[in-house]
Amino acid sequence: MTARREPLEIGAREPRPEDFLSPIDFILAEHYRQRLLCEGLTKLTENMELAPVAALATQLQRFLDRDLRLHMEDEEQDLFPLLWQRAQPEDNISDILDLLSEEHGLDQDLVDFLLADLAVLAGGAQLANPIRFLVNVREFAETQRRHLAWENALLLPVARRRLTEVDLAGLARSMAARRGIDLAGR
Ligand SMILES: [Fe+2]
Ligand SMILES: [Fe+2]
């Protein structure tokens with residue numbers, strides 16, 4: 001792996017049915033892509049210059065409006081409810097589940113701000129407040145990195161330990177259906 005990786009080469013490719021054989025691994029792979037993207041965005045905004053970020057406006061729109069939105073739905077609608085159902089008191093994750101759910105809501109507010117500005121940039125127009133946009137990009141990258149690190153360290157191990165085969169099959173079906181893939185009968 002080279003040090004100079006273009007941050008947005010990481011946009012998720014079209015998923016295939018076999019990607020959902022292990023839905024937890026799918027989530028982990030999404031987190032890996034998100035982390036590379038956020039590291040890239042942090043580097044890209046180091047000098048607070050608009051041009052390098054503006055050049056990626058369309059790809060960023062796609063990531064935020066599709067990949068990340070689907071990922072948050074996977075977690076909020078499928079993974080977290082299963083964890084609430086299956087985690088044992090000794091797993092000690094109820095506080096972190098509450099906190100991460102709250103962050104999903106806050107993230108969505110920030111994402112909405114970013115998408116409004118990205119739509120302006122993608123349309124070739126000038127931003128009224130480019131500094132605010134760049135600050136929001138940095139804030140997004142930093143909060144996402146922390147958020148997904150917590151999910152990897154604290155939630156996914158519990159999911160691997162506690163979710164049953166039936167849970168995992170249901171999780172896989174639901175995540176695949178969210179992306180237009182029907183796993184029924186597989
Ligand atoms: Fe999350
Ligand atoms: Fe996540």
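The following legends describe close-up views of a predicted model.

**Figure 1. Confidence along the predicted chain.** The mean pLDDT of the protein is 91, and 92% of its residues reach 70 or more. Residues 1-7 form a stretch with pLDDT below 50. Beyond near neighbours in sequence, residues 1-7 have seven contacts in the model. Where pLDDT is low, the predicted coordinates should not be read in detail.

**Figure 2. The packing of helix 4 against helix 5.** Helix 4 covers residues 94-122 and helix 5 covers residues 130-162. Their axes lie 10 Å apart, and the angle between the two helices is about 155°. Angles over 145 degrees count as roughly antiparallel, and helix 4 and helix 5 are therefore roughly antiparallel to each other. The crossing of these two helices is left-handed. From helix 4, the residues that take part in the contact are I96, L100, E103, D107, L110, F113, L114 and D117. Helix 5 contributes F133, N136, V137, E139, F140, T143, H147, W150, E151, L154 and L155. By class, the residues of this contact comprise eleven nonpolar, three polar and five charged.

**Figure 3. The crossing of helix 3 and helix 5.** Helix 3 spans residues 57-86. The axes of helix 3 and helix 5 come within 10 Å and cross at roughly 65°. This crossing is left-handed. On the side of helix 3, the contact is made by L79, L83 and R86. On the side of helix 5, the partners are L155, V158, A159 and R162. The contact of helix 3 with helix 5 has five nonpolar and two charged residues, and no polar ones. L155 of helix 5 is listed in the contact with helix 3 and also in the contact with helix 4.

**Figure 4. R69 and D67 in helix 3.** R69 is located in helix 3, and D67 is also found there. R69 has 15 C-beta neighbours inside 10 Å and therefore counts as partly exposed. D67 has 18 other C-beta atoms within 10 Å, so D67 is partly exposed. R69 and H104 are 35 residues apart in sequence, and their C-alpha atoms are 9.9 Å apart in space. D67 and Y32 are likewise separated by 35 residues in sequence, with a C-alpha to C-alpha distance of 13 Å.

**Figure 5. M48 in the loop between helix 1 and helix 2.** Helix 1 comprises residues 23-44 and helix 2 comprises residues 50-54, and M48 lies in the loop between them. With 12 other C-beta atoms within 10 Å, M48 is exposed. The phi of M48 is near 50°, a positive value in a residue other than glycine. Most residues other than glycine have a negative phi. M48 is also one of the residues touched by L134.

**Figure 6. N92 in the loop between helix 3 and helix 4.** N92 is placed in the loop that lies between helix 3 and helix 4. The phi of N92 is positive, near 60°, although the residue is not glycine. N92 has 11 C-beta neighbours inside 10 Å and therefore counts as exposed.

**Figure 7. F20 in the segment before helix 1.** F20 belongs to the segment that precedes helix 1. There are 23 other C-beta atoms within 10 Å of F20, so this residue is buried. Not counting residues up to four places away in sequence, F20 touches F26, A172, M175, A176 and L183. F20 and L168 are 148 residues apart along the chain, and their C-alpha atoms are separated by 9.5 Å.

**Figure 8. L134 in helix 5.** L134 is part of helix 5. L134 has 21 other C-beta atoms within 10 Å and is therefore buried. When residues up to four places away in sequence are left out, L134 touches T45, M48, L50 and V53. L134 and L44 are 90 residues apart along the chain, while their C-alpha atoms are separated by 9.7 Å.

Conventions: Residues are numbered from 1 along each chain as its sequence is written. Chains are lettered from A and ligands numbered from 1 in the order in which they are written. This is a predicted model: local features need pLDDT of at least 70, side-chain atom pairs count only at pLDDT 80 or more; totals for chains, interfaces and linings use all residues. Axes are lines fitted to C-alpha atoms, for helices over the stretch in contact, and angles run from 0 to 180 degrees between N-to-C directions. Helices (H or I, at least four residues) and strands (E, at least two) are DSSP runs, numbered from the N terminus. Angles under 35 degrees count as roughly parallel, over 145 as roughly antiparallel, 65 to 115 as roughly perpendicular and the rest as oblique. A crossing is left-handed if the near helix is turned anticlockwise from the far one by less than a right angle, and right-handed if clockwise. Two residues are in contact if their C-beta atoms, placed from the backbone, lie within 7 Å. Ala, Val, Leu, Ile, Met, Phe, Trp, Tyr, Cys and Pro count as nonpolar, Asp, Glu, Lys and Arg as charged, and the others, Gly among them, as polar. pLDDT is the predictor's confidence in each residue, from 0 to 100. A residue is buried if 20 or more other C-beta atoms lie within 10 Å of its own, exposed if 12 or fewer, and partly exposed in between; C-beta atoms are placed from the backbone.
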